[in-house]
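Hi,

Please look it over first; my notes follow below.

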Amino acid sequence: MEKELPIILLVEDKPDEQELLRVKLLKIARVLPAMTKKEALDLFEKHRAEIVLIGMDACLEGPKPDTMPLVHHMRKAGFTGPIVAMSGHPDNNDQLVAAGCDHKSNKDSFPYKAREILKFLGYLT
């Protein structure tokens with residue numbers, strides 16, 4: 001019997017980057033794409049028990065970091081899995097880590113970081 005792929009909630013507002021990351025992750029995970037805070041929250045609430053990893057961009061609705069409250073909510077709701085800050089700006093990643101993310105990565109490296117984490121958690125060999 002084939003093992004089911006782990007689920008990653010991917011929070012990224014740029015459609016091209018969202019699709020590129022999704023394609024790069026296809027072989028290692030099932031990706032739930034969210035482009036807005038509302039979509040991220042809805043998918044999180046619906047699939048909370050199944051989500052293994054979250055990739056979190058810092059800026060969804062404008063140029064300023066705005067996803068820190070989302071990270072706080074996910075942690076307060078009991079999500080203990082890894083959340084990876086994946087902004088193109090190191091300062092934004094630092095803010096996300098301060099808000100509750102466990103790791104940080106630039107967007108290009110996120111698929112590699114996700115693979116490393118999923119392997120560490122025992123989902124990949």
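Where is the place of Asp57? Asp57 sits in the loop between strand 3 (51–56) and helix 3. Bear in mind throughout that this is a predicted model.

Asp57 first. Its relative accessible area is 3%. The cut-off for buried is under 20%, so Asp57 is buried. Leaving out residues up to four places away in sequence, Asp57 touches Val11, Glu12, Asp13, Thr67, Met86, Ser87, Leu96 and Lys107.

Pro65 is in that loop too, between strand 3 and helix 3. Pro65 has 29% relative accessibility and counts as partly exposed. Beyond four places in sequence, Pro65 touches Ala58, Cys59, Asn92 and Gln95. Arg22 is 43 residues from Pro65 in sequence. In space, their C-alpha atoms are 22 Å apart.

Now the overall layout. The protein chain has five helices and five strands. Read along the sequence, they follow the pattern β-α-β-α-β-α-β-α-β-α. The C-alpha trace spans about 45 × 30 × 25 Å along its principal axes. For 125 residues, a compact globule would have a radius of gyration near 14 Å. The protein chain has 13 Å, which agrees. Buried residues make up 46% of the 125 residues. Take the contacts between residues at least 6 apart in sequence: 58% of them join residues at least 24 apart.

Next, the helix packing. Two packed helices are described by the angle between their axes and the distance between the axes. Two pairs are worth a look.

Helix 3 with helix 4:
- Helix 3 covers residues 68–76 and helix 4 covers residues 90–99.
- Their axes come within 9 Å and cross at roughly 25°.
- Angles under 35 degrees count as roughly parallel, so helix 3 and helix 4 are roughly parallel to each other.
- The crossing of helix 3 past helix 4 is right-handed.
- Helix 3 makes the contact through Met68, Val71 and His72, and helix 4 through Gln95, Leu96 and Ala99.
- By class, this contact has four nonpolar, two polar and no charged residues.

Helix 2 with helix 3:
- Helix 2 covers residues 37–47.
- Helix 2 and helix 3 pack at an angle of about 10°, with axes 11 Å apart.
- Helix 2 and helix 3 are therefore roughly parallel to each other.
- On helix 2 the contact residues are Lys37, Ala40, Leu41, Phe44 and Glu45; on helix 3 they are Leu70, His73 and Met74.
- By class, this contact has five nonpolar, one polar and two charged residues.

Last, Arg75. Arg75 lies in helix 3. At 22% relative accessibility, Arg75 counts as partly exposed. Not counting residues up to four places away in sequence, Arg75 touches Thr80, Gly81, Pro82, Ile83, Gly100 and Asp102. Ala99 is 24 residues away along the chain. The C-alpha atoms of Arg75 and Ala99 are separated by 9.2 Å.

Best wishes

Notes. Residues numbered from 1 in each chain as written. Predicted model: local features only at pLDDT ≥ 70, side-chain atom pairs only at ≥ 80, totals over all residues. Heavy atoms only, no water. Axes fitted to C-alpha atoms, helices over the stretch in contact; angles between N-to-C directions. Helix = DSSP H or I, 4+ residues; strand = E, 2+ residues; numbered from the N terminus. Parallel < 35°, antiparallel > 145°, perpendicular 65-115°, else oblique. Left-handed = near helix turned anticlockwise from the far one by under 90°. Contact = heavy atoms within 4.5 Å. Nonpolar A, V, L, I, M, F, W, Y, C, P; charged D, E, K, R; others polar. Rg over C-alpha atoms; globule rule 2.2 N^0.38 Å. Buried < 20%, exposed > 50% of the residue type's maximum accessible area, 1.4 Å probe, protein only.
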